[in-house]
Amino acid sequence: MSKEIESHRFLDFAYQLYKTMKTNEINLVYEGEVTQEITKTFTSLTERNMAKSEESNQVQRKVFNVMVECLQNISKHADTLSEDEEDRRGIVMVSRGEDSYKIITGNVIRNSKIPGLKESLEHINSLDKKGLSSLYKQQIVESKISDKGGAGLGLIDIAKKTGSKLSYQFKELNNDVSFFILTSTIKRN
């Protein structure tokens, strides 16, 4: 295949990606290793973007806090596709709709972790605001800090801050790992 044909295909792909992002109102996308530096950069870009659109301070704070929590979840809990890889990679997207922001994250997770994570997500989604606060306090009192640095509070905190149910999917990649997609919705009103 000639370089000219390859270049044309890539340009077509880039344009299709642009159209898809515009159609779905995706403002920011990142794929790669998630580090503290990447988290700072990504949140700074999002803050700047929201300030331009004159979003309320309350909504800006919620989007910022939820994004930080989602990025930390990837950096602490993402698995790798193979034993040889070390990077905790993921994808993060922020979209702005008429009535809400969506923060969509995705990362590789070991299939053995899915039942426990799914049970936690379903439990969190079954609770109202008061129930989430009680569960959060209970986790602080009863949980020990894990080797990953948390007490299982991240998902509870996201649900509390968004006031919305957490939407999630697991896409099996092979017998060992799946791709975990989490969507957090922050209402703009």
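Let's start with D157 and K161, which pair up in a salt bridge whose closest N and O atoms sit 2.6 Å apart. This is a predicted model, so take the distances here as computed from it.

K161 comes out at 27%, so it is partly exposed.

## E55 and R188, across the chain

A search of the whole structure turns up five salt bridges. One of them joins E55 to R188, with 3.0 Å between the closest N and O atoms. Here the partners come from distant parts of the chain, 133 residues apart: E55 is in the loop between α2 (36–52) and α3 (57–77), while R188 is in the segment after β5 (177–187).

Both of these residues, E55 and R188, are buried.

## K113 and D79, loop to loop

K113 and D79 make another side-chain salt bridge, at 3.0 Å from N to O. K113 is in the loop between β3 (100–110) and α4 (114–126), and D79 is in the loop between α3 and β2 (89–96), so the bridge ties together parts 34 residues apart in sequence.

As for accessibility, K113 is partly exposed at 34%, whereas D79, at 10%, counts as buried.

Conventions:
Residues numbered from 1 in each chain as written. Predicted model: local features only at pLDDT ≥ 70, side-chain atom pairs only at ≥ 80, totals over all residues. Heavy atoms only, no water. Salt bridge = Lys/Arg side-chain N within 4 Å of Asp/Glu carboxyl O. Helix = DSSP H or I, 4+ residues; strand = E, 2+ residues; numbered from the N terminus. Buried < 20%, exposed > 50% of the residue type's maximum accessible area, 1.4 Å probe, protein only.
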